[in-house]
Amino acid sequence: MTRNLNRSRLLAGTCAMWLSASFFSAAQTQFATETTQPSQIDAPAPAAVQTDSPTMFPHWEHSRFFIGGQANIIFQAHGPFHSPYEGVNSLLPRGEYKTSLLGTLYLGAQVITDPKFALDALFDLESAGGRGDSEALGLAGFTNLDVVRNPNLGSTPYMARAQLHQTIGFTNKLVENSQTQFSVANEVPERRLEFHVGKMSLPDFLDINSIGSDSHLQFMNWTVDNNGAWDYAADTRGYTYGIVSEYDDKVWSARYALALMPTVANGIDLDWALRRASGQNWEFELRKPLLGRLLPPERKGTIRVLSYVNHAHMGLYRDSNKAFLAGEGTRPVIQNSERFGAVKYGFTFNAEQELTEDVRVFGRLGWNEGQHESFAYTEVDQTVEFGGDYSGRRWSRPNDKLGLVFVSNAIKKDHQAYLKLGGLGFLLGDGKLNYAREDILESYYNLHTWRGIYYALDLQFIEHPGYNQDRGPVLVESVRMHVDF
């Protein structure tokens, strides 16, 4: 009975998304008709060009302005799974389903158009609604990156990004640049220094992977699209204030980012006192084929190495465990051991490689010291992932993608003991723990239907959810609709 009910709900969610697509299509046609009348302004309008990724509206070419947007709806469900017990922060063992909605408006303008000294002003408005299964609790590698971990924040639109982007060129040689919400210029100097200052999300600039970074067109899992061991500075919604400096040369880049940390773990408020709390990040990127002469020179490859150091009001798992075992409280509480001056650090490795015209592979490794509490992103101290995607070009659908990835997450012994004794993190806490690595296998098919409308079917098989081999496994099914404006 439960299984049939879940199937019916899944079918209902799919139908609702198709109806939404029809609405968007009709609205697009009407809007395009109303806005393509001859302009009353004498100045010529910028030419429109369709990008490699189709959008609802053709974007302007050689314009000093950028207007774009996205809408993302994800329906996720899982059936009942084995669970002899559960805690406050557990993934619920009964069948459940949830829908998330995320919409973003991107605005950009070039204040200075000279490519050697270009200055962009960037602004994004965002709304995040809906919920995740079990309120996004119980999994280190949660299944939907669009979910805000505090549903009480609501879906009221908020400022997601507000930045100044400055380019300083060191050569007169210009190279083509794809206009995006992070850079408006069509051409940039081959050797240049760039600065982004303002409100931002660090994964916009660091740990990027063209195969596994976009939860709207690729994989959906938190620890697939970002390195789970990178506890990057961010508030509950994933944003912070900071500065990113980047030097780009022909085949390599180097980046440094300084950003504000939250005042409490997974908190919405940021600590503005940089002397006591900050997140520092360094990344080096080399754009060369990983397999050298074994592949044709046109097969692109990239390696990225990142390190980070966080200073914040964090606690030690070991101190919390000792206090509890000495008779303090009914369970260990990490907040009781928090202090300023705590330092958490880690390292990540990120690689991608084209094998053929249609096949690409990628992988990530991540490690952090694991003694201090997971504070901003997710509860992972060590991770390994590898996967790839396959283009639909072979069956005459070049904008379709098929993807498959495996990721395995782990936590250190003090973190394990904390959860085993009944401690709660900001994501995990089954009341007790029979530890095992959290292993996740995810696959998707992303279907391009019309202009900027895409649908995807996604499956995630999770062994040992929340690092607990007493619970699971669990299969999470997803249907995603994505609209690119």
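This is a predicted model: local features need pLDDT of at least 70, side-chain atom pairs count only at pLDDT 80 or more; totals for chains, interfaces and linings use all residues.
Two or more residues of the patch come from each of strand E3 (65-78), strand E4 (96-112) and strand E5 (119-130).

Strands E3 and E4 are antiparallel to each other and are joined over 14 bridges; in E4, Glu96 is the residue opposite His78. Strands E4 and E5 are likewise paired in the antiparallel sense, over 12 bridges, and Ser127 in E5 is the residue opposite Gly103. Six residues separate E4 from E5, and the two strands form a hairpin. In a regular strand, side chains alternate between the two faces of the sheet.

Across the whole structure, the search for aromatic pairs returned 21. In one of these, the ring centres of Tyr241 and Trp272 are 5.0 Å apart and the planes meet at 45°, so the pair is classed as tilted. An angle of 45° falls between the limits of 30 degrees for stacked and 60 degrees for edge-to-face pairs. Tyr241 belongs to strand E10 (residues 240-248), whereas Trp272 is in the loop between strand E11 (252-259) and strand E12 (278-286); the pair therefore ties together parts 31 residues apart in sequence. The two partners fall into separate accessibility classes: Tyr241 is partly exposed, with a relative accessible area of 28%, and Trp272 is exposed, with 58%. An aromatic cluster is formed by Phe142, Trp222, Trp230, Tyr232 and Tyr377.

Ile208 is placed in the loop between strand E9 (192-200) and helix H2 (222-225). With a relative accessible area of 32%, Ile208 is partly exposed. When neighbours within four places in sequence are set aside, the contacts of Ile208 are with Pro203, Ser213, Arg304, Asn350, Glu352 and Arg364. Asn226 lies 18 residues from Ile208 along the chain, and the C-alpha atoms of the two residues are separated by 7.9 Å.

Technical notes. Residues are numbered from 1 along each chain as its sequence is written. Side-chain values use heavy atoms; hydrogens and water are left out. Helices (H or I, at least four residues) and strands (E, at least two) are DSSP runs, numbered from the N terminus. Buried means under 20% relative accessible area, exposed over 50%, partly exposed in between (1.4 Å probe, protein chains only). Contact means heavy atoms within 4.5 Å. Two strands pair if DSSP finds at least two bridges between them. Rings of Phe, Tyr and Trp (its six-membered ring) pair if their centres lie within 6.5 Å; planes under 30 degrees apart count as stacked, over 60 as edge-to-face and the rest as tilted.
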